[in-house]
Amino acid sequence: MRIGLLGTGPWAQMAHAPALSRHEGLDFAGVWGRRPEAAKELAERHGVPVYDDVDELFADVDAVAVALPPQVQAELAARAARAGCHLLLDKPLAPTVEQGRAVVEAVEEAGVASVVFFTTRFQPEPEAWITEQAGVPGWFTGWAQWLGAVFTSESPFATPWRREKGALWDVGPHALSVLLPVLGDVRRVTAAAYGPGDTVHVVLDHSGGASSTLTLSLTAPPAAAGAALEVRGEAGVAVLPESADGAVPALMRAADALLTAARTGRPHACDAAFGLRVTEILTAADDLLNGGAR
């Protein structure tokens with residue numbers, strides 16, 4: 001499968017370009033970016049062409065991987081799908097439900113495959129745990145803490161969109177990608193409140209009867225950064241295991257999933273429709289936050 005890369009920022013450099021270059025089932029065919037010089041530099045580093053016109057890239061490839069801010073991703077993903085390209089997308093799918101729905105509609109109308117890269121879902125130990133716990137009945141409650149130090153350390157990811165959207169939209173998708181398959185879809189976001197910095201606390205009511213709480217931050221002290229998740233119920237307590245794999249191997253597994261979905265025509269669990277559902281839940285929490293005093 002010939003695949004192009006959209007984006008030239010830190011995530012494209014650290015994760016996407018290395019993963020696309022190393023994957024044996026992919027032909028890394030070129031780079032397009034909003035900054036032409038950065039696109040040229042990244043393309044030269046990996047020995048692939050640089051494209052000045054994104055539509056020319058769409059015409060030359062079978063798929064695109066997107067490493068762009070969500071509002072830019074949503075617009076270009078829909079265009080790429082309409083051009084017949086399969087989509088390897090980043091989270092969140094889009095910053096609004098309307099934009100996310102437009103991506104899903106374009107994917108469905110074009111009949112292309114889509115996979116949204118929720119990192120934890122493509123790491124072997126966590127994914128095996130999620131599959132196991134999803135089959136266990138009687139979960140009562142769960143909690144997740146995704147605490148980053150993006151804004152309290154020298155991080156290359158302190159980007160404008162993260163400063164605007166905060167932890168809810170950046171790390172919230174990670175927590176939801178684990179909780180939803182285990183506890184069921186969210187029937188209602190029952191509460192949301194701000195904590196220190198961009199920290200948010202969210203309470204969810206799940207279709208399986210359980211409730212969960214999320215604590216999300218990009219402004220945690222570096223010594224407090226990390227992620228943890230636990231569910232409790234009739235079977236006892238289950239704790240999400242850590243993974244030894246970094247982003248590049250996980251992204252290569254996401255590419256495997258895209259190849260399989262494109263070959264079989266069967267949607268992956270983390271397709272654009274799932275990405276839209278995550279966007280809907282984030283939007284409901286954001287509405288509660290914006291309706292309250294900070």
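## Briefing: cavity, pockets, sheet and rings

In this predicted model, β9 (200-206), β10 (211-217) and α10 (272-291) each supply at least two residues of the lining of the largest cavity. Helices (H or I, at least four residues) and strands (E, at least two) are DSSP runs, numbered from the N terminus. Residues are numbered from 1 along each chain as its sequence is written. The model is predicted, so local features need pLDDT of at least 70 and side-chain atom pairs count only at pLDDT 80 or more, while totals for chains, interfaces and linings use all residues; side-chain values use heavy atoms, with hydrogens and water left out.

**The cavity**

- Rolling a probe the size of a water molecule over the atoms shows where empty space is left.
- On a 1 Å grid over the protein atoms alone, a cavity is a set of points where a 1.4 Å probe fits but cannot get out; a pocket is an open set with protein on both sides within 12 Å along at least five of seven lines; lining residues have an atom within 4 Å of a point.
- Grid points are joined across faces, edges and corners, and a volume is the space filled by probe spheres set on the points.
- The count comes to 1 cavity of 30 Å³ or more.
- The largest cavity has a volume of about 40 Å³.
- Its lining consists of L168, L176, V202, L204, L214, L216, I281, L282 and A285.
- With 3 residues, α10 gives the most to this lining.
- By class, the lining of the largest cavity has 9 nonpolar, no polar and no charged residues. Here Ala, Val, Leu, Ile, Met, Phe, Trp, Tyr, Cys and Pro count as nonpolar, Asp, Glu, Lys and Arg as charged, and the others, Gly among them, as polar.

**The sheet**

- An open sheet of 6 strands runs in the order β8-β9-β10-β7-β11-β12, with mixed pairing. Two strands pair if DSSP finds at least two bridges between them.
- β8 (186-194) and β12 (236-239) stand at the edges with a single partner strand each, so one side of each lacks a neighbour in the sheet.
- Neighbouring strands of this sheet are turned by 15 degrees against each other on average, direction ignored.
- β8 and β9 run antiparallel and are joined by 7 bridges.
- V189 stands opposite L204 in β9.
- α10 packs on the sheet and touches β8 and β9; its direction makes about 40 degrees with that of β8. Contact means heavy atoms within 4.5 Å. Axes are lines fitted to C-alpha atoms, for helices over the stretch in contact, and angles run from 0 to 180 degrees between N-to-C directions.

- The largest pocket has a volume of about 1,300 Å³.
- It is lined by 48 residues, and the closest to its centre are W11, K91, R162, D170 and H174.
- The lining of the largest pocket has 25 nonpolar, 15 polar and 8 charged residues.
- The second largest pocket has a volume of about 260 Å³.
- Of its 17 lining residues, V107, V112, A113, P267 and D271 are the closest to its centre.
- α5 (97-110), α9 (247-264) and α10 each give two or more residues to the lining of the second largest pocket.

**The aromatic rings**

- The structure holds 4 aromatic pairs. Rings of Phe, Tyr and Trp (its six-membered ring) pair if their centres lie within 6.5 Å; planes under 30 degrees apart count as stacked, over 60 as edge-to-face and the rest as tilted.
- W11 and F117 form a stacked pair, 6.5 Å centre to centre with 25 degrees between the planes.
- This pair links distant parts of the chain: W11 lies in helix α1 and F117 in strand β6 (residues 114-117), 106 residues apart.
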